[in-house]
Amino acid sequence: MILSIACLVGGLILILAGANFLTDGASDVARRMGVSDLIVGLTVVAFGTSAPELAISVISAAGGSPGLAVGNVVGSNLFNTLVIIGITAMVRPIVIGRSILTNDIPLVVLSAVVLLVMGNGPLLDGGSTPVISRVDGLLLVCFFMVFMRYTFAQAKSTPEPVAANDPSAQAAASQRQMPLWRALVYVVGGLAALVYGGDLFVDGASDIASSLGVSEAVIGLTVVAAGTSLPELAASLVAAVKGRTDMALGNVIGSNIFNIFLVLGAAATVTPLPLGGIGNFDLLSLLASCVLFWVFGCFFARRTITRLEGALMAGCYVGYTAWLIASL
């Protein structure tokens, strides 16, 4: 137990340090290349912070633990949407560009719809148990390739100055650039610290949860999901504090799409994934969280997720977790 707690603390320290280095390095590289923080968040930061989910889901699938693989993805996306966006908005209200609301967030909703449809195969075409087949996995990977093609095409266009009225963002944009070699070291070192720290945290948390007799699906939806989402949380919070709300937003959007299309697609390609304890309540909760994210961005506060809305989103996650615990 002492070793598990040490892994938790050590992993958390590495995650926080890695998020700080990654945000600084990625922001500097973005300024040099003339690429918006949103694109950096959708690609470099999102891929780096989704690396723990990719490793754990693929290893779990190959090792005969499909419930952990699917639960990790569903739980991570719920955590990303409700907790990370919620807490980030409480730190600094998130101003959302019009193109993000019309192009990027609908892709997050689409990914949740696709997973819901795949999880209800028995209702649609018969069968006894819901399973994400290898064909489904390859289809998800194809969706991911389309998303990456769209993202890189978007990077060539003129970025929308969504934070032009944010003094902190303007101050961050005017910061003096660091040497290129140092920026690259920050990016690589930050990603390494995030991945290794996430592994340490999940190992410690999983050992503690397993010793308490919690099921594999619940571990995937809660402990492992929260642990593997800590890089996204840390990177988004650090980015928001430094005035890089675009990067925080892009990180969450990119990570959610990466998790379903790439992580789950790669895991299902390795071996078919029975959903096991992951039911429609979990899949519908994921879809509802994505729709709530879109609604709060579209209405009420002129494309801004306010502190109150952020608190409501975080409260929804607390309610979902309470339901999981009550249903054990």
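What span does helix H3 (residues 66–91) reach from its first C-alpha to its last, and what is expected at 1.5 Å a residue?

Guide: This is a predicted model, in which local features need pLDDT of at least 70 and side-chain atom pairs count only at pLDDT 80 or more, while totals for chains, interfaces and linings use all residues. Residues are numbered from 1 along each chain as its sequence is written, and side-chain values use heavy atoms, without hydrogens and water.

Helix H3, with 26 residues, reaches 36 Å, close to the expected 38 Å; helices here are DSSP runs of H or I with at least four residues, numbered from the N terminus. A kink of about 30° is centred on asparagine 80, the bend being the angle between axes fitted to the seven residues ending there and the seven starting there.

Because 22 of its 26 residues are buried, H3 is largely enclosed by the rest of the structure; buried means under 20% relative accessible area with a 1.4 Å probe, protein chains only. Threonine 88 lies in H3 and counts as buried at 1% relative accessibility. Beyond its neighbours within four places in sequence, threonine 88 is in contact (heavy atoms within 4.5 Å) with Val83, Ile94, Ser236, Leu237, Ala240 and Ala248.

H3 also packs against helix H12 (residues 307–326) at an angle of about 145°, with axes 7 Å apart; the axes are lines fitted to C-alpha atoms over the stretch in contact, and angles run from 0 to 180 degrees between N-to-C directions. Residues of H3 including Leu78, Phe79 and Met90 meet residues of H12, among them Arg307, Met313 and Tyr320.

Terms used. Helices (H or I, at least four residues) and strands (E, at least two) are DSSP runs, numbered from the N terminus. The expected span of a helix is 1.5 Å times one less than its number of residues. Buried means under 20% relative accessible area, exposed over 50%, partly exposed in between (1.4 Å probe, protein chains only).
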